[in-house]
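Hi,

Here is the structure I said I would pass on. Have a look at it first, and my notes follow below.

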Amino acid sequence: VVADEKESRTIEIMITSVTPGQLIGGKTVGLLAAALTQLAIYVIVVVVGLTVAASYVEVLQYVTVPWAYLGVMALFFFPSYGLIAAVMVAIGAAVTKVQEAQQVAGLLNMLFILPILMMAVIIRDPGHPVSVFLSLFPTTAFLTISMRWGLGTVPLWQIGISWVLLIVSTIFMVWAAARVFRAGMLRYGQPLNLRTALAVIRRG
């Protein structure tokens, strides 16, 4: 979206009335609200469906909601969403064309879906060092812990450290994305390479 707005030059109008941080925050909150609306509809349909079906199917009367699991997943979902949103904004701000942004975003998406590729290891041994590392690494924490929770108990210390690392990484990435976005606007029409982007972030 950011790359498309840069390419169409509509972002020039928006940036005159809001700061880069406000623009990034607004886009993230808006997309999150849309996603949560869809999720709420699915949840309501499932709950109503199970409630009605329980009157006719006896086994459904014993179905319980895993509130602890849902609570932990909610704690990880929101910062994970913010992290990936900030990464995508930084990519959109660094490139000049939508096609370039899609290519780079496709590669970086691997960092978030890596637990799916490592599913065999996680299922075979949820306590394996690889599983623990993926649980603690910010981009893979959400999916890994959701998988491990279904296979057994995840140590509380791993959940705590993982969540703190995720929150810190998300805050830093949102700040860094705002820096890259500002630099990308100053170099309109010229892409930011990795070295330049890192230099912009280091200057704070």
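Before the notes, one term: contact here means heavy atoms within 4.5 Å. Helices (H or I, at least four residues) and strands (E, at least two) are DSSP runs, numbered from the N terminus.

Now the housekeeping. This is a predicted model, where local features need pLDDT of at least 70, side-chain atom pairs count only at pLDDT 80 or more, and totals for chains, interfaces and linings use all residues. Residues are numbered from 1 along each chain as its sequence is written, and side-chain values use heavy atoms, with hydrogens and water left out.

The overall picture

The chain has 11 helices and 0 strands, and its pattern along the sequence reads α-α-α-α-α-α-α-α-α-α-α. Its C-alpha trace spans about 65 × 40 × 25 Å along the principal axes. Of the 204 residues in the chain, 34% are buried (buried means under 20% relative accessible area, exposed over 50%, partly exposed in between, with a 1.4 Å probe and protein chains only). If you look at the contacts with a separation of 6 or more, 68% of them come from residues 24 or more positions apart.

How the helices pack

Two packed helices are described by the angle between their axes and the distance between the axes. The axes are lines fitted to C-alpha atoms, for helices over the stretch in contact, and angles run from 0 to 180 degrees between N-to-C directions. Angles under 35 degrees count as roughly parallel, over 145 as roughly antiparallel, 65 to 115 as roughly perpendicular and the rest as oblique.

Start with helix H3 (residues 20-54) and helix H4 (residues 67-94): they pack at about 130°, with axes 10 Å apart. That is why H3 counts as oblique to H4. On the H3 side you'll find Ile24, Thr28, Leu31, Leu32, Ala35 and Leu36, and these meet Phe77, Phe78, Tyr81, Gly82, Ala85 and Val89 of H4. By class, this contact of H3 with H4 has 10 nonpolar, 2 polar and no charged residues (Ala, Val, Leu, Ile, Met, Phe, Trp, Tyr, Cys and Pro count as nonpolar, Asp, Glu, Lys and Arg as charged, and the others, Gly among them, as polar).

Next, H5 and helix H6 (residues 110-117) have axes that come within 6 Å and cross at roughly 40°, so H5 is oblique to H6. Gly106, Leu107 and Leu108 of H5 make this contact with Met110, Leu111 and Phe112 of H6.

H6 also packs against H9, where the axes come within 8 Å and cross at roughly 20°. That makes H6 roughly parallel to H9. Here Phe112, Ile113, Pro115 and Ile116 of H6 meet Leu143, Thr144 and Met147 of H9, and the class count is 6 nonpolar, 1 polar and no charged residues.

A closer look at Thr144

Is Thr144 buried or exposed? Thr144 is buried, with a relative accessible area of 0%. Thr144 sits in helix H9 and touches Pro115, Ile122, Ser131, Leu134 and Ser135, leaving aside residues up to four places away in sequence.

The core

A nonpolar core is a set of buried Ala, Val, Leu, Ile, Met, Phe, Trp, Tyr and Cys residues joined through side-chain atoms within 4.5 Å. The largest one has 33 residues, and Ile24, Phe76, Met173, Ala177, Val180 and Phe181 touch the most other members. The elements giving two or more residues to this core include helix H1 (2-8), helix H5 (98-108), helix H9 (141-151), helix H10 (156-186) and helix H11 (194-202). H4 gives the most, with 11 residues. As for Phe76, its contacts are Ala141, Phe142, Ile145, Ile159, Ser162, Trp163 and Leu166, again not counting residues up to four places away in sequence.

Cheers
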